[in-house]
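Colleague: Please take me through this model one topic at a time, and state each cut-off when its term comes up.

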Amino acid sequence: MMKSMTGFGRAELLDEEKKITVEMKSVNHRYLDINMRMPKKLSVFEAAIRTLLKEYIQRGKVDLFITYEDYTQSRVSVKYNQEIAGQYLEYLHQIGENFHLDSKISAAELSRYPEVFTMEEQTKDEKELWSFLEETIRRAALQFVETRTQEGAHLRQDLLEKLHGMEKKVQQVENRSPEILREYREKLEAKVKELLTDTQIEESRIAAEVILFADKICTDEETVRLRSHIHHMEQVLTEDEGIGRKLDFIAQEMNREANTILSKANDLETSNLAIDLKTEIEKIREQIQNIE
């Protein structure tokens, strides 16, 4: 299904030790641009997260927010640095010998010297933590894709309605063309009769002038191509994903044909129809910017 580039997803996963919450939202962007905010302890997974998101998203500016809560009361351990303690003891004995001091020292006293004992935070198993985080992100991404798909269905319906309206206007331009020639011929004959009241008008001269005028204002090629572009866009709208760039290119081609029709128009009604076509194409181009 066609997807919008506007979406939102949220998921939360917790167990007895931790809770991870993932929120993601997106807006229009020419390419895929992922911005992440997460705790420092999860930053090691940044590359893996980007790879994972590419399974679900092709285009859009995506903001990803991850929060992490650790429910364990104590995740630290005591480390005894024997080498440092030995150095302290050696120097204390040396000081005693040098200054004839009592160098006796208890274990309790030695333990109070800096770095003899240190506290270290116990790290969680990285594979286990990634598995937990990955599951949360996938749940949020599925909801995210669902909202994009729903919005994409609305966009598709709106675009189809606009295309159908455009095709009706193209038909009106085609229907108007022979009427323009008929009216031009009538005006030309009336003008010649007014100027040459007593002279017989050569039908061939009138016909030649009408042919020249018809060639000048002919928009058959433009309307045929424009109708073809409309049908092509309708077909692309049935494709599953990655259609935004295709649609944008087709819309550019549509606009080119509408411009040519407007430049050739020698008739107010045709000019108005061409302007209406350009207006609808611009609306379509704006909507296309929302499609992935």
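Modeller: Helices here are DSSP runs of H or I with at least four residues, strands are DSSP runs of E with at least two, and they are numbered from the N terminus. Residues are numbered from 1 along each chain as its sequence is written, and this is a predicted model, in which local features need pLDDT of at least 70, side-chain atom pairs count only at pLDDT 80 or more, and totals for chains, interfaces and linings use all residues. Side-chain values use heavy atoms, with hydrogens and water left out.

Colleague: What is the phi of Glu115, a residue other than glycine?

Modeller: Most residues other than glycine have a negative phi. Glu115 is found in the loop between α3 (107–111) and β6, and with 47% relative accessibility it counts as partly exposed (buried means under 20% relative accessible area, exposed over 50%, partly exposed in between, with a 1.4 Å probe and protein chains only). Its phi is positive, with a value near 70 degrees.

Colleague: What accessible area do the residues of the nonpolar patch on the surface have together?

Modeller: Patches are built from residues with over 30% relative accessible area and no salt bridge, joining like charges within 9 Å and nonpolar side chains (Val, Leu, Ile, Met, Phe, Trp, Tyr) within 5 Å, where a salt bridge is a side-chain nitrogen of Lys or Arg within 4 Å of a carboxyl oxygen of Asp or Glu. Areas come from the Shrake-Rupley method with a 1.4 Å probe, and for residues only the protein chains shown count as cover. β5 (76–80) and β6 (117–121) each supply at least two residues of the patch, including Met119 in β6, which is exposed at 59%. Val78, Tyr80, Phe117 and Met119 together have about 450 Å².

Colleague: Which residue in β4 stands opposite Asn35?

Modeller: Strand β3 (residues 32–37) is joined to β4 by six bridges, and the two run parallel. The residue of β4 that stands opposite Asn35 is Asp63.

Colleague: What is the N to O distance at which the side chains of Glu253 and Arg256 meet?

Modeller: Side chains of opposite charge can pair when their charged atoms come close. Glu253 and Arg256 are three residues apart in helix α7, so about one helical turn separates them; Glu253 is buried at 16%, while Arg256 is partly exposed at 48%. Their salt bridge has an N to O distance of 3.0 Å.

Colleague: How many salt bridges does a search of the whole structure find?

Modeller: Another pair is Arg50 and Glu46, whose side chains meet at 3.2 Å, N to O, and which lie four residues apart in helix α1 (residues 46–53). Arg50 is partly exposed at 29%, and Glu46 is likewise partly exposed, at 32%. Over the whole structure, the number of salt bridges found is 22.

Colleague: Which helix gives the most to the lining of the second largest pocket?

Modeller: On a 1 Å grid over the protein atoms alone, a pocket is an open set of points with protein on both sides within 12 Å along at least five of seven lines, and lining residues have an atom within 4 Å of a point. The second largest pocket has a volume of about 160 Å³, a volume being the space filled by probe spheres set on the points, which are joined across faces, edges and corners. Its lining consists of Arg30, Tyr31, Arg59, Gly244, Arg245, Asp248, Ile288, Gln289 and Ile291. With three residues, the helix that gives the most is α7 (residues 244–264).

Technical notes. 1 Å grid on protein atoms, 1.4 Å probe; cavity = no way out; pocket = protein on both sides within 12 Å on 5 of 7 lines; lining within 4 Å. Pairing = 2+ DSSP bridges.
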